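Trainee: Could you walk me through the side-chain contacts in this one? I am new to it and would like to take it slowly.
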Amino acid sequence: FPLVKVDSPGDPLTSFSQPLTLTVSYDASNLPPAVKQVGLQIFRYDTRIADWVRLPMINRDLAGDRITVVLDHFSEFILASPRGLKNPIFIPLLVR
C-alpha cells in the first residue's frame, strides 16, 4: 500500500523532519495457515536496491492485531511474513 503526501501545488513530499509512526491493523483469523502472527512485519520498497526493507518495529500488539513501525519517509509498504525477503508472503489489508 502506498502512502503519499503532497504539498499545496500537488508535488509529492517523500520525507519529513522528524520520524513518524505507522500502525497497521490486520485480522489474524484471516492469515493463511503457514503464516504465524508473531512473524508479521512491515516492509518498505527501496527502489535503490530493488528490494523490500524491514522497518523498525516499536510495538507488536498480538491481542489487538496491530503492528507499529517508525517511518523516515513515505514509500510503498507491505505487511508480510518473510520467507526470505525475495519471496515474502503478502498479507492483504481490507478496511471495512
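**Side-chain contacts**

Mentor: A salt bridge joins the side chains of R48 and D46, at 3.0 Å from N to O; the term stands for a side-chain nitrogen of Lys or Arg within 4 Å of a carboxyl oxygen of Asp or Glu. This is a predicted model, in which local features need pLDDT of at least 70 and side-chain atom pairs count only at pLDDT 80 or more, while totals for chains, interfaces and linings use all residues. Residues are numbered from 1 along each chain as its sequence is written, and side-chain values use heavy atoms, with hydrogens and water left out.

Trainee: Is D46 buried or exposed?

Mentor: D46 is buried, with a relative accessible area of 6%, whereas R48 is exposed at 72%; buried means under 20% relative accessible area, exposed over 50%, and partly exposed in between, with a 1.4 Å probe and protein chains only.

Trainee: How many salt bridges does a search of the whole structure find?

Mentor: The search finds 3, including one between D61 and R66, whose closest N and O atoms are 2.7 Å apart; R66 is partly exposed, at 35%.

Trainee: Changing topic, how many aromatic pairs are there?

Mentor: The count is 1 aromatic pair, under a rule that pairs rings of Phe, Tyr and Trp (its six-membered ring) if their centres lie within 6.5 Å, with planes under 30 degrees apart counted as stacked, over 60 as edge-to-face and the rest as tilted. The ring centres of Y45 and W52 are 5.0 Å apart and their planes are at 70°, so this pair is edge-to-face.
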